[in-house]
Amino acid sequence: MKFCIVLKNKLINQLLLYISYLIFGVLNLIKFISGYQFSVVTPFRIGHLAGEIDQFLREQRLNNKNHKRIIVTGKACNSILVKILSRHVKIKQSPFMFRLLSYMKRRFPQQTVILPLGMTLNEFSLYKKVNSLVNLLESEIEFGFQLIKKKYNIKKNDWWVCFHSRDNKYFEKNIKNDLRHHDYRNCEIKNMLLAMDHITKLGGYAIRYGAIAEEPLKTKNKKIIDYTFNGRTEFLDIFLMAKSRFFVGNTSGTTHLAKLFSVPYIMTNLVPFFPMPEQTKSIFLLKKMIDYNNKVMTYKDCYNLGMFEKEKGTKFSLVKGYQDLKITPLENSKEEILGATKDMLYLLENKKKSLKTIAKHNQIRDQFYSTYREYKLAGQLSPAFIKINQRLF
């Protein structure tokens with residue numbers, strides 16, 4: 001029986017190899033005749049779908065080039081997003097081609113027909129120099145306002161802020177993709193409720209955003225809309241984010257959707273510590289770390305472990321990296337997230353920060369992030385977070 005399984009796998013691999021050679025021939029022929037090359041983008045995670053294509057488009061605009069590219073993806077997590085992106089680049093949805101080209105890309109890493117897109121997560125200059133290239137059509141905007149007026153009684157003159165937290169339900173939804181090793185990114189939506197209330201007191205709506213979540217919000221505030229459990233659609237996923245005054249998220253792919261439309265954002269619970277926000281008008285908060293003695297670590301201790309550097313901190317991109325050192329990530333408190341929300345409102349009103357606040361931010365930035373190219377163009381660490389956690393810096 002074992003011999004049969006081994007033989008079967010060997011035959012399948014051999015067949016895939018022959019098919020790959022044939023496909024490479026076809027792709028090279030297409031490249032020779034039309035100039036088009038191919039890339040693959042992960043279809044089931046909106047962060048990759050939005051982020052990789054967004055960076056590709058901005059790089060083309062910055063370099064004044066028009067690389068002929070066909071992006072192959074499987075059945076996408078949001079068909080509306082694919083439709084919008086298809087206005088700027090050719091996208092082919094084919095689960096079979098996506099799996100085959102992904103296999104070929106892994107099997108033959110040196111080939112030059114299937115080109116990578118990817119996200120480097122530190123293209124600060126790119127996002128400062130090139131504005132968003134992706135926008136909704138006027139007809140789509142009009143349709144979106146009609147929908148939210150009917151569903152939530154939100155009118156054209158109203159404004160809103162989207163809030164999102166990645167929780168354990170995300171793993172259950174993506175169990176086939178074995179994403180449990182990213183559980184350290186999770187956080188609870190209840191810690192955003194204080195900030196949501198603050199937005200509503202200022203006259204706005206607070207919208208709990210996201211496709212999946214463990215449980216509904218517990219609030220009596222009628223201007224807090226639990227969109228995840230109340231009328232969610234693929235179109236509104238895009239519309240609500242694109243027209244949001246700003247976005248409050250965490251270490252998850254939804255941040256890239258905000259960035260796609262140049263929506264200012266707050267990245268709460270940043271972990272690992274190295275993917276700083278790439279938009280200048282953005283704010284981030286770090287998770288805190290509890291050591292094996294159940295004490296909160298200083299960020300200098302975290303720096304010494306390599307948590308702020310991409311190369312040294314790779315191990316902290318997996319749950320195992322924390323488990324091996326008996327470190328437990330601690331998510332941001334409701335007071336920290338409220339403080340960052342107030343910081344963002346202050347930033348969007350273009351109010352000047354005090355010289356003391358600027359000096360402290362620059363000191364922390366230079367101490368922990370100076371190894372990154374153009375790091376001074378990144379988003380800023382929340383001044384409120386620094387004030388609350390002064391002893392940790």
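Two strands count as paired here if DSSP finds at least two bridges between them. With that in hand, welcome to a short tour of this predicted model.

**View 1. Strands β8 and β9 run side by side.**
Strand β8 covers residues 265-270 and strand β9 covers residues 282-286; the two run parallel and are joined by four bridges. To find your bearings, look for Tyr 265, whose bridge partner in β9 is Ser 282. In general, the strands of a sheet pair through backbone hydrogen bonds, in either a parallel or an antiparallel manner.

**View 2. Seven strands make up an open sheet.**
Step back from β8 and β9 and you can follow the order β6-β5-β4-β7-β8-β9-β12, with parallel pairing. Which strands sit at the edges? They are β6 (224-225) and β12 (380-381), each of which pairs on one side only. Helix α8, made of residues 193-201, lies across β4 (160-163), β5 (205-208) and β6. Its direction is at about 145 degrees to that of β5.

**View 3. Strand β1 pairs with strand β2.**
Here is another parallel pair: β1 and β2 (residues 69-73) are held together over four bridges. Within the pair, Val 40 stands opposite Val 72 of β2. The side chains of β1 (residues 37-40) point two ways, with Gln 37 and Ser 39 on one side and Phe 38 and Val 40 on the other. Are these four residues buried or exposed? All are buried.

**View 4. Helix α9 is largely enclosed.**
Helix α9 spans residues 234-242, and eight of its nine residues are buried, so the rest of the structure largely encloses it. The buried residues are Phe 235, Leu 236, Asp 237, Ile 238, Phe 239, Leu 240, Met 241 and Ala 242. What do they pack against? Their neighbours are the helices α3 (79-85), α6 (138-152) and α10 (254-260), together with the strands β4, β5 and β7 (247-249).

Tyr 209 belongs to the loop between β5 and β6. It counts as buried because its relative accessibility is 5%, and buried means under 20%. Leaving aside residues up to four places away in sequence, Tyr 209 touches a list of residues that includes Cys 162, Phe 163, His 164, Tyr 227 and Thr 228. Also among its contacts are Asp 237, Ile 238 and Met 241, three of the buried residues of α9. The C-alpha atoms of Tyr 209 and Gly 249 are separated by 9.1 Å, and these residues are 40 residues apart along the chain.

**View 5. A lysine is buried in a loop.**
Lys 287 is found in the loop between β9 and β10 (288-290). Why does Lys 287 count as buried? Its relative accessibility is 3%, and the cut-off for a buried residue is under 20%. Lys 287 and Leu 330 are 43 residues apart along the chain, yet their C-alpha atoms are separated by 5.7 Å.

**View 6. Glu 140 and Arg 87 link distant parts of the chain.**
Side chains of opposite charge can pair when their charged atoms come close. In this view, the side chains of Glu 140 and Arg 87 meet in a salt bridge of 2.2 Å, N to O. Glu 140 is in helix α6 and Arg 87 in the loop between α3 and β3 (90-93), 53 residues apart, so the pair links distant parts of the chain. Glu 140 is buried at 10% relative accessibility, whereas Arg 87 is partly exposed at 34%.

Lys 312 is exposed, with a relative accessible area of 55%, while Glu 309 is buried at 14%. Asp 366 and Arg 365 form a salt bridge too, their closest N and O atoms being 3.4 Å apart. Look as well for Glu 123, Arg 373 and Glu 374, which are linked in a salt-bridge network.

**View 7. A nonpolar patch lies on the surface.**
Leu 29, Phe 32 and Ile 33 form this patch, and together they have about 400 Å² of accessible area. Leu 29 lies in helix α1 (residues 2-34) and is partly exposed, with a relative accessible area of 49%.

Note on methods:
Residues are numbered from 1 along each chain as its sequence is written. This is a predicted model: local features need pLDDT of at least 70, side-chain atom pairs count only at pLDDT 80 or more; totals for chains, interfaces and linings use all residues. Side-chain values use heavy atoms; hydrogens and water are left out. Contact means heavy atoms within 4.5 Å. Axes are lines fitted to C-alpha atoms, for helices over the stretch in contact, and angles run from 0 to 180 degrees between N-to-C directions. Patches are made of residues with over 30% relative accessible area and no salt bridge: like charges are joined within 9 Å, nonpolar side chains (Val, Leu, Ile, Met, Phe, Trp, Tyr) within 5 Å. Accessible areas come from the Shrake-Rupley method with a 1.4 Å probe; for residues, only the protein chains shown count as cover. A salt bridge is a side-chain nitrogen of Lys or Arg within 4 Å of a carboxyl oxygen of Asp or Glu. Buried means under 20% relative accessible area, exposed over 50%, partly exposed in between (1.4 Å probe, protein chains only).
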